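Trainee: I have a new model open. Can you walk me through its features?
Mentor: Gladly. Look first, then ask.

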Amino acid sequence: MLGSGDGKTRSVVRNQPGTGWDFNMSRHRFHAHEADMGPSYTVYNRRFMTLKYDGQSVEEGYWKLRQEAAVLHTGEYPVQFEGPDAERLLDLLFTKDITKVKPMRCGYGLACYHDGGLIVDGVLMRLSADKFWYVQADGDFYSWARAHSVGMDVKISDPRVYVSQVQGPNALKILEAANEGGKLPEPFGYFAVAQVNLGGQHVYITRTGYTNELGWEFYVEPHHDADALWAHLEQAGKPFGMTLFGLDSMNVRRIEAGILNAGTDFDETTTPFDVGLGRFVDMDKADFIGKSALESASKEPRHTGLKCPTAEPVIQGEIMQGDTVIGRVTAAAFSPFLQHGTGLALLDRAGHQNGEAVRIRCVDGAMHAGELHAAPFYDDQAEIPRGKKVDIPTRG
């Protein structure tokens, strides 16, 4: 798992005047509404996704998320599957039994190569019996799906849908204010799909997110008036402190929650079992791509969280015990809530225990004392996003 950074610098995308070589990239439908805030972007699924804004620190965005509500216009990429064989194909592509996903519900979809290595993850939305959107993380999935659809009666296409997340304790209050009639859709439990009327436009939403906070995502389709939709949502969210924020701020919370990122926390060299995602593999299914390899694969996870009291771990930094490197950092951030460095790591072997003392390479270049720590760092039953627990921390 190699990144482009060197631990000291990173490369980002910025808006500038003129035209030029950005032909293969795509802007979110709300791009113009964030352009004046000085966004720096990453490229995700060939889409631009904001990392940060000039006038907002990572910590400020983090506290907006934890205490009120924050919106990220994401680079998630919905792929549409439609036709009599849509379910059959998707059940072949994913490790989990997706035939159990009912219309207007979501499922978590992991796709593997034949050797059991992971390709990508994402949220599978079932809109009807024979129509699905797979809202994928960054990864090579579209062509993989097309290649395995030969001989099946299914159409795979890009519906040109763009995804935004509203996350935080006030997220459902904002939805209630924005939806026609001032009510939440029913039912709208965790991983539900609904269609709501937002300012006269019918919009699909899901009770999902990348933060483990209370939240929902909405899906902007080509026929939507994006300017009117954003104006309506902005007005509904203003009394609840809603603001835009960047992926850097969201990243802190997803690490605290132990949520993995495709391509960095896992890739084609890791199986679902390696990274603690074995619960999303249904080995009793008749078949799926990678099943035979996973049957003989180790079922013990090598993924763990990291705690470093004195510094922020650096991505790809070594994790050591004595003179031996036992693993690498795959994600890291300083947590304003926990007040220590946090991280996710992939160890070279299974069998390590939470609480084991380690030394961790950090952003200052030095090795710092730390420990292996369970992830999530808190709310391990996901009660916050399910609406079963209200946890609004006080900013220190």
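Trainee: Where is the place of N45?
Mentor: N45 is in the loop between β2 (39-44) and β3 (47-53). Strands are DSSP runs of E, at least two residues, and helices are runs of H or I, at least four, numbered from the N terminus. Before we go on, some ground rules. Residues are numbered from 1 along each chain as its sequence is written, and side-chain values use heavy atoms, with hydrogens and water left out. This is a predicted model: local features need pLDDT of at least 70, side-chain atom pairs count only at pLDDT 80 or more, and totals for chains, interfaces and linings use all residues.

Trainee: What is phi of N45?
Mentor: Most residues other than glycine have a negative phi, and most peptide bonds are trans. Phi of N45 is near 55°, a positive value. N45 is buried, with a relative accessible area of 12%. Buried means under 20% relative accessible area, exposed over 50%, partly exposed in between (1.4 Å probe, protein chains only). D379 also has a positive phi, near 55°. D379 lies in the segment after β20 and is buried at 8% relative accessibility.

Trainee: Which peptide bond is cis, with omega near -5°?
Mentor: The bond from E186 to P187. P187 is found in the loop between α5 and β11 (193-198). The bond from A375 to P376 is cis too, with omega near 10°. P376 lies in the segment after β20 (367-373).

Trainee: At what angle do the axes of α5 and α6 cross?
Mentor: Two packed helices are described by the angle between their axes and the distance between the axes. Here α5 (residues 171-178) and α6 (residues 226-237) have axes that come within 8 Å and cross at roughly 120°. Axes are lines fitted to C-alpha atoms, for helices over the stretch in contact, and angles run from 0 to 180 degrees between N-to-C directions. I174, A177 and A178 of α5 make the contact with H232, L233, A236 and G237 of α6. Contact means heavy atoms within 4.5 Å.

Trainee: Which residues touch the most other members of the largest nonpolar core?
Mentor: In soluble globular proteins, nonpolar side chains tend to be buried together. A nonpolar core is a set of buried Ala, Val, Leu, Ile, Met, Phe, Trp, Tyr and Cys residues joined through side-chain atoms within 4.5 Å. Of the 73 residues in the largest core, F81, L90, L93, F94, M125, F141 and Y219 touch the most other members. The largest share, seven residues, comes from β7.
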